[in-house]
Amino acid sequence: MMSKLISSPARPASRGPVSFDTAQANLVTVPPARGGVDWGRVFAFPNPVNEYSARITAALVVLLSVATLLTGSGWGLAVIAVGFWLRVLFGPRISPFGILSVKVLTPALGRKRLVPGPPKRFAQGIGAALSTTAAILFATGVAPAAWVLLGLLIVAASLEALAGFCLGCAIFGLLQRRGLIPADVCEACNNVSFRRR
């Protein structure tokens, strides 16, 4: 009986999870919960991503970051951090900069170049970490360190916006080549490098 189970040619056609029913000694498909929340869709990030949308979003981040730096606004740091967290968690769907770049500015530009999504999400995560740390430093009275971090963020976002070089994507590729990010996270990302546009 056990050899029949091991050599079973295929899993059931349903997409639900599969469990082992010991009473009947066969595979049983567990249907997905009805009315439940599909958390995979809630926290989905597009893959692939239109690189021009990412570059426009980066340009918007640069503009807001420079304005924040010039005015010394702690609220600006908070807005930048929230924007990054919205993009890293939900993609461009509810981020104001994401919506503006994907739905308005990129279509007006009329250009499309698809690139893998996971490195872009990783880059948004780095931006979220930098901007959140900067906001916390500012709130705790260490403003000079906050402005240094914001300056690093401006440099990285400017590289993407103006030159098409995604520093976070390059770090992602390096970590993946070193085996710190599994290859199956993004098979197309094994050779993320600087490409001139």
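Helices and strands here are DSSP runs, numbered from the N terminus. The model is predicted. In the protein chain, the secondary structure amounts to eight helices and four strands, and the order of elements from the N terminus on is α-β-β-α-β-α-α-α-β-α-α-α.

Of the chain's 197 residues, 32% count as buried. Where contacts join residues at least 6 apart in sequence, 68% of them link residues at least 24 apart.

**Packing of α6 and α7**

Helix α6 spans residues 117–139 and helix α7 spans residues 143–163. Their axes lie 7 Å apart, at an angle of about 160°. Because angles over 145 degrees count as roughly antiparallel, α6 is roughly antiparallel to α7. The crossing in which α6 passes α7 is left-handed. The residues that make the contact are set out by helix below.

| Helix | Residues in the contact |
|---|---|
| α6 | K120, G127, L130, S131, T133, A134, L137 and F138 |
| α7 | A143, A145, A146, W147, L149, L153 and E160 |

By class, this contact of α6 with α7 comprises ten nonpolar residues, three polar residues and two charged residues.

**Disulfide**

The structure contains one disulfide. It is formed by C166 and C169, with their sulfur atoms 2.3 Å apart. The torsion about the S-S bond of C166 and C169 is about 70°, and the disulfide is therefore right-handed. Both C166 and C169 are buried.

Notes: Residues are numbered from 1 along each chain as its sequence is written. This is a predicted model: local features need pLDDT of at least 70, side-chain atom pairs count only at pLDDT 80 or more; totals for chains, interfaces and linings use all residues. Side-chain values use heavy atoms; hydrogens and water are left out. Axes are lines fitted to C-alpha atoms, for helices over the stretch in contact, and angles run from 0 to 180 degrees between N-to-C directions. Helices (H or I, at least four residues) and strands (E, at least two) are DSSP runs, numbered from the N terminus. Angles under 35 degrees count as roughly parallel, over 145 as roughly antiparallel, 65 to 115 as roughly perpendicular and the rest as oblique. A crossing is left-handed if the near helix is turned anticlockwise from the far one by less than a right angle, and right-handed if clockwise. Contact means heavy atoms within 4.5 Å. Ala, Val, Leu, Ile, Met, Phe, Trp, Tyr, Cys and Pro count as nonpolar, Asp, Glu, Lys and Arg as charged, and the others, Gly among them, as polar. A disulfide is a pair of cysteine sulfur atoms within 2.5 Å. Buried means under 20% relative accessible area, exposed over 50%, partly exposed in between (1.4 Å probe, protein chains only).
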